[in-house]
Amino acid sequence: MSSTPLHDGSPTASVPHTTDASRVSPNGRLRVDHARIASAIREILIAVGEDPDRDGLAKTPARVARMYEELFAGLAGDPDDYLATTFEHAHDEMIVVRDIPFYSICEHHLLPFFGRAAVGYIPNERIVGLSKLARVVEHLARRPQVQERLTCQVADRIEQVLDPVGVAVTIEAEHTCMTMRGVKKPGSQMVTSVTRGAFRDNPATRAEFFDAVQRT
């Protein structure tokens with residue numbers, strides 16, 4: 001079971017995000033209020049009828065606070081920094097990085113969704129290290145997200161920073177908010193895609209990209 005929302009390629013589909021500078025530490029990491037998170041988790045445990053002081057749960061609020069700092073690390077820093085270093089190269093053919101694993105948190109239920117992304121672009125005289133494309137995906141995934149926005153944001157950053165001839169992004173993910181609760185359909189995958197520039201305007205180029213990212 002899968003659904004495939006196809007975006008029209010407009011950058012306005014992506015919601016920009018800014019972080020209060022006071023929430024970012026000098027080393028660029030997100031400052032998280034551990035005590036406040038721990039207090040909230042303790043209240044949740046009490047609300048569901050648990051004893052937050054029993055042996056197995058006594059340290060859980062603090063563990064969750066540390067976990068949230070890691071899972072939402074993408075709220076700090078700027079993903080554009082990964083694309084700042086480029087190299088001049090007369091390469092005018094498609095470059096694709098596929099099967100980029102990622103983990104994110106759905107902002108509707110604060111449950112994980114995870115899967116793989118594929119990023120393709122056609123350079124405009126300059127190229128970027130392949131690992132940097134994966135880092136952009138990871139950075140943007142580590143914040144409260146929805147898959148549609150994440151797909152657009154990855155394309156936005158590459159389009160606006162690298163100014164390529166075209167960019168395309170696909171994401172395929174399983175959402176635990178529908179596999180472990182609600183409709184409870186494990187194995188369901190959601191597929192989203194965004195095409196810009198040559199990938200959107202040229203059907204043959206678009207088909208070549210989707211053929212390249214198709215798993216065997």
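Let me start with R31, which sits in the loop between β1 (2-3) and α1, where helices (H or I, at least four residues) and strands (E, at least two) are DSSP runs numbered from the N terminus. Along the sequence R31 and E69 are 38 residues apart, yet from C-alpha to C-alpha they are 7.7 Å apart in space.

Before going further, please keep in mind that this is a predicted model, in which local features need pLDDT of at least 70 and side-chain atom pairs count only at pLDDT 80 or more, while totals for chains, interfaces and linings use all residues. Residues are numbered from 1 along each chain as its sequence is written, and side-chain values use heavy atoms, with hydrogens and water left out.

Now for the protein as a whole, which has seven helices and eight strands. Of its 216 residues, buried ones make up 40%. The protein exposes about 12,000 Å², and carbon and sulfur atoms supply 52% of that area, which is an accessible area from the Shrake-Rupley method with a 1.4 Å probe, where for residues only the protein chains shown count as cover. If we take the contacts (heavy atoms within 4.5 Å) between residues at least 6 apart in sequence, 71% of them join residues at least 24 apart.

Apart from its neighbours within four places in sequence, E50 is in contact with L45 and L57. The side chains of E50 and R54 are joined by a polar contact of 2.9 Å, a term for a pair of N or O atoms within 3.5 Å, where within protein one must be able to donate a hydrogen and the other to accept it, and residues adjacent in sequence count only if both atoms are side-chain atoms.

Helix α2 holds A62, which at 34% relative accessibility is partly exposed. The C-alpha atoms of A62 and I37 are separated by 7.9 Å, although these residues are 25 residues apart along the chain.

What about strand β8, which covers residues 189-197? T192 is found there, and T192 counts as buried because its relative accessibility is 0%. The side chain of T192 makes a polar contact of 3.0 Å with the side chain of Q147. T195 also has its place in strand β8 and, at 10% relative accessibility, counts as buried. Between the C-alpha atoms of T195 and A168, 27 residues apart along the chain, the separation is 4.4 Å.

Two residues deserve a look for their backbone angles. Most residues other than glycine have a negative phi. D99, however, has a positive phi near 55° and is not a glycine; D99 is in strand β3 (residues 95-106) and, at 30% relative accessibility, is partly exposed. K184, likewise not a glycine, has a positive phi of about 55°, and K184 is found in the loop between α5 (176-179) and β8.

Finally, which residues lie nearest the centre of the largest pocket? They are A73, G74, Y82, H139 and R142, out of the 16 residues that line the largest pocket. On a 1 Å grid over the protein atoms alone, a pocket is an open set of points where a 1.4 Å probe fits, with protein on both sides within 12 Å along at least five of seven lines, and lining residues have an atom within 4 Å of a point. About 320 Å³ of space lies in the largest pocket, where grid points are joined across faces, edges and corners and the volume is the space filled by probe spheres set on the points. Helices α2 (60-71) and α3 (130-141) each supply at least two residues of the lining, and α3 gives the most, with three residues.

Notes
Buried < 20%, exposed > 50% of the residue type's maximum accessible area, 1.4 Å probe, protein only.
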